[in-house]
Amino acid sequence: MFSALGASPASINLSEVYSALQTKVVDGQENPLVTIDTAKFYEVQKYCSLTNHMWDGYWFIGNRRAWERLPTDLKEIVSRNINDAALLQRTDVETLSNTLKADLQAKGLEFIDPDRPAFREALRKAGFYQEWKKKFGEEPWHVFEGAVGQLT
């Protein structure tokens, strides 16, 4: 994605990101606010752009054969509660992010709210979304675009 935006991404072990930012080996990093706070990246970076280009959720994984043996009513109960918990988790993450944003601003980190439509347009023009649409397939991509809006 960052290559599509004209950047030169570098993979760096998280334990080395602080010094890489400090010594200007890299110009920026991509991590959630909780990592920026915990790793104290705010000490060595001045700006933080809130692009909302990524969401990192939790996965529920189970044994397919065991799941298929469960009675329908139990599957419905489990599915409903997993989905309800996912919505609560998203609210928790949003609340934490808002709290962290305020805390990080107080520590001197300046937040930038970029032009997200221009961000998406640059990725569209670079073929980024078409590439991922091919990888995921039509049906999953349609579901994805139903949540985030048309990308391709």
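The model is predicted. Its largest nonpolar core has 14 residues, and a second, separate core has 6. Across the whole structure, a search finds 5 aromatic pairs.

**Largest nonpolar core**

- Seven names stand out: Leu 21, Leu 33, Ile 36, Cys 48, Leu 104, Leu 109 and Phe 111 touch the most other members of this core.
- Helix H1 (14-22), helix H2 (33-38) and helix H4 (72-106) are the elements that each supply two or more residues.
- H1 gives the most, with 3 residues.
- Ile 36 has contacts beyond its neighbours within four places in sequence. Among them are Cys 48, Leu 104 and Leu 109.
- Ile 36 is also in contact with Gln 29, Asn 31, Phe 41, Tyr 42 and Gln 45.
- Phe 111 has a charged residue over its ring: Lys 101 lies over the face, at 5.5 Å from the ring centre.

**Second core**

- This separate core of 6 residues includes Leu 123, Phe 128, Tyr 129 and Trp 141.
- Tyr 129 has 9% relative accessibility, under the 20% cut-off, so Tyr 129 counts as buried.
- Trp 141 is at 4% relative accessibility, so Trp 141 counts as buried too.

**Helix H6 (residues 128-136)**

- The buried residues of H6 are Phe 128, Tyr 129 and Lys 133.
- Seen down the helix axis, these buried residues fall within an arc of 130 degrees, so they line one face of H6.
- Lys 134 and Lys 135 are exposed on the other side of H6.
- Cover for the buried residues of H6 includes helix H5 (116-125) and helix H7 (138-148).

**Aromatic pairs and ring contacts**

- A pair of aromatic rings is described by the distance of the centres and the angle of the planes.
- Tyr 129 and Trp 141 form a tilted aromatic pair, 6.4 Å centre to centre with 50 degrees between the planes.
- Tyr 129 lies in H6 and Trp 141 in H7, so this pair ties together parts that are 12 residues apart in sequence.
- Ring pairs also build a cluster, linking Phe 128, Tyr 129, Trp 132, Phe 136, Trp 141 and Phe 144.
- Trp 132 of this cluster has Lys 135 over its face, at 4.3 Å from the ring centre.
- Lys 135 is one of the exposed residues of H6.

Terms used. Residues are numbered from 1 along each chain as its sequence is written. This is a predicted model: local features need pLDDT of at least 70, side-chain atom pairs count only at pLDDT 80 or more; totals for chains, interfaces and linings use all residues. Side-chain values use heavy atoms; hydrogens and water are left out. A nonpolar core is a set of buried Ala, Val, Leu, Ile, Met, Phe, Trp, Tyr and Cys residues joined through side-chain atoms within 4.5 Å. Buried means under 20% relative accessible area, exposed over 50%, partly exposed in between (1.4 Å probe, protein chains only). Helices (H or I, at least four residues) and strands (E, at least two) are DSSP runs, numbered from the N terminus. Contact means heavy atoms within 4.5 Å. The arc is that of the directions from the helix axis to the C-beta atoms. Rings of Phe, Tyr and Trp (its six-membered ring) pair if their centres lie within 6.5 Å; planes under 30 degrees apart count as stacked, over 60 as edge-to-face and the rest as tilted. A charge sits over a ring if NZ of Lys or CZ of Arg is within 6 Å of the ring centre and within 35 degrees of the ring normal.
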